[in-house]
Each structure stands twice: as structure tokens, then as C-alpha cells.
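Please keep the sequence and the structure in view while reading.

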Amino acid sequence: MRRVKIRFLFATLCGLVLAGLVHIVTVLAIPALSESDALTRARTSESLDHPQRIYTLTTGDNPAPAEAWLPIPDPAVAVGVCAYNLDDGPMRVSARTGPQMLSLAVHGRRGAFYAVTDQAAVRGALDLVILTRAQYDEALASEDENEPSRDVRIVAPERQGYVVVRVIAALPSQRPAANDAVQAVSCTIDSPSEEPAKPNG
């Protein structure tokens, strides 16, 4: 009788441990297996040169779209997102600052790994370049020592990710400008062929 109880308790314990392991593995696998995670949805913007609108502020002439895949932020914040794949080359995100607060947050599959606001802008411009470690080393090697780059270079932990752009409208009258400011941010592949040629001599 005692052996039966021990076997029963042992089998129950093994079952609980197995169930716990299956539960943990399932939860951890959801982001990788999901077809509607933030990164997958953000990748629909890869062909654009500006952020995809996720949440635009409601104005009299331009109601906000019904986007449901990102949480609705503060109703005074316009949001956009652009995805990147560093296999295509470094990703350049350029923004011009204005009277409204602007922030950029760079995300990978494991969450945000870099964020900056317009307070870091130089002469009204904010340029982020997202690179792999190899691309970063190559950029450093080819940099002109007499003309150092003013770009903010960020080494990404993963090759795929997305950038979230947020612009705050402090007043209802600033909502159209906040929406326009989100769309004015450019997200482009920063390839050497796109750099302007230097004059001879």
C-alpha cells in the first residue's frame, strides 16, 4: 500500500513538472511562432521611406485610423513605425525637430534597446544609423578623420527590428502638425552608393 502511494506521488510530481515545462516552452515560443506580433506587422512598412501610421491624432478633418495591433497610447501622442532588415544594409532614420516633442525608440524581438528624444538633435536634425557590428566596424574604417560623422550609430543585437516614432501634441490645435511630423521622419537604407560624390581635386 505504501509503495502504491509513493508511486502515485512520484507520477503526480512528474506530471506537474512536465506540465510546467510544456507551459513555459509554449509561452516562450509564442513570439517566434506568432504571425501577428509587432515585428511582423511592422515589416509591412519596409517598402516605405517614412513611418507607417499606427495611431494618428483625431482632428476635425482627419479621424484616427482604427489600428488595433499596438496599444492605444496617450490620446495626445501620434505614433508611427518603420521596420528594418540589416541584411539590406544599415538603416538611417532622419528627423527634423520642431516645437513638438519627438522621440525615437529602436526595438528588436526582445524589446526596446535604444531610445532618444529631440533633445539630442544637432542643429535641428536627428540622424540615427542602425547597424550590425560588422557594418559599424566598416563605417569606422572608412570614416574621414578630418570630417567625423555626426550620426548616432547604434549596433543592433538582431538583424531585424523596427523604430517607433512618437510626437506629442500639447494642444488640440497641434494635432495635425503632430501627425505630419511623424510622417516627415524618413527611414531609408544607408548604402554607400547613395552618398554624394566628392568633387575632384
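Is D151 buried, partly exposed or exposed? In this predicted model, D151 is partly exposed, with a relative accessible area of 22%. The cut-off for a buried residue is under 20%, and R92, at 18% relative accessibility, counts as buried. These two residues form a salt bridge in which the closest N and O atoms are 2.8 Å apart. R92 belongs to strand β3, whereas D151 lies in the loop between α3 (133-141) and β7, so the pair ties together parts that are 59 residues apart in sequence.

A search of the whole structure finds five salt bridges. One of them joins R159 to D87, with the closest N and O atoms 2.9 Å apart. Because R159 is in the loop between β7 (152-155) and β8, and D87 in the loop between β2 and β3, this pair ties together parts that are 72 residues apart in sequence. R159 is partly exposed, with a relative accessible area of 43%, while D87 is exposed, at 52%.

A polar atom of the N85 side chain lies 3.0 Å from the backbone nitrogen of D87. N85 is buried, with a relative accessible area of 11%.

Another salt bridge pairs E143 with R153, the closest N and O atoms being 3.0 Å apart. E143 lies in the loop between α3 and β7, and R153 in strand β7; the pair links distant parts of the chain, ten residues apart. Both partners count as partly exposed, E143 at 28% relative accessibility and R153 at 24%. Elsewhere, salt bridges that share partners join R92, D127, D151 and D190 into one network.

These pairs may now be placed within the fold. The protein has four helices and nine strands, which follow the pattern α-α-β-β-β-β-β-β-α-β-β-α-β along the sequence. Of the contacts with a separation of 6 or more, 72% are accounted for by residues 24 or more positions apart.

What, then, lies in the interior? Buried residues make up 31% of the 201 residues in the protein. The largest nonpolar core has 33 residues, of which Y84, M91, V93, L104, I130 and V163 touch the most other members. At least two residues of this core come from each of β1 (52-55), β2 (77-85), β3 (91-96), β4 (102-108), β6 (125-131), β8 (160-168) and α4 (175-184). The largest share, seven residues, is supplied by β2.

I130 illustrates how such a residue is surrounded. Apart from neighbours within four places in sequence, I130 is in contact with Y84, L86, P90, M91, V93, V106, I154, A156 and V163. Among these partners, Y84, M91, V93 and V163 are also named with I130 as touching the most other core members.

L13, V17 and L21 form a nonpolar patch on the surface, with about 280 Å² of accessible area together.

Methods. Residues are numbered from 1 along each chain as its sequence is written. This is a predicted model: local features need pLDDT of at least 70, side-chain atom pairs count only at pLDDT 80 or more; totals for chains, interfaces and linings use all residues. Side-chain values use heavy atoms; hydrogens and water are left out. A nonpolar core is a set of buried Ala, Val, Leu, Ile, Met, Phe, Trp, Tyr and Cys residues joined through side-chain atoms within 4.5 Å. Buried means under 20% relative accessible area, exposed over 50%, partly exposed in between (1.4 Å probe, protein chains only). Contact means heavy atoms within 4.5 Å. Patches are made of residues with over 30% relative accessible area and no salt bridge: like charges are joined within 9 Å, nonpolar side chains (Val, Leu, Ile, Met, Phe, Trp, Tyr) within 5 Å. Accessible areas come from the Shrake-Rupley method with a 1.4 Å probe; for residues, only the protein chains shown count as cover. A salt bridge is a side-chain nitrogen of Lys or Arg within 4 Å of a carboxyl oxygen of Asp or Glu. A polar contact is a pair of N or O atoms within 3.5 Å; within protein, one must be able to donate a hydrogen and the other to accept it, and residues adjacent in sequence count only if both atoms are side-chain atoms.
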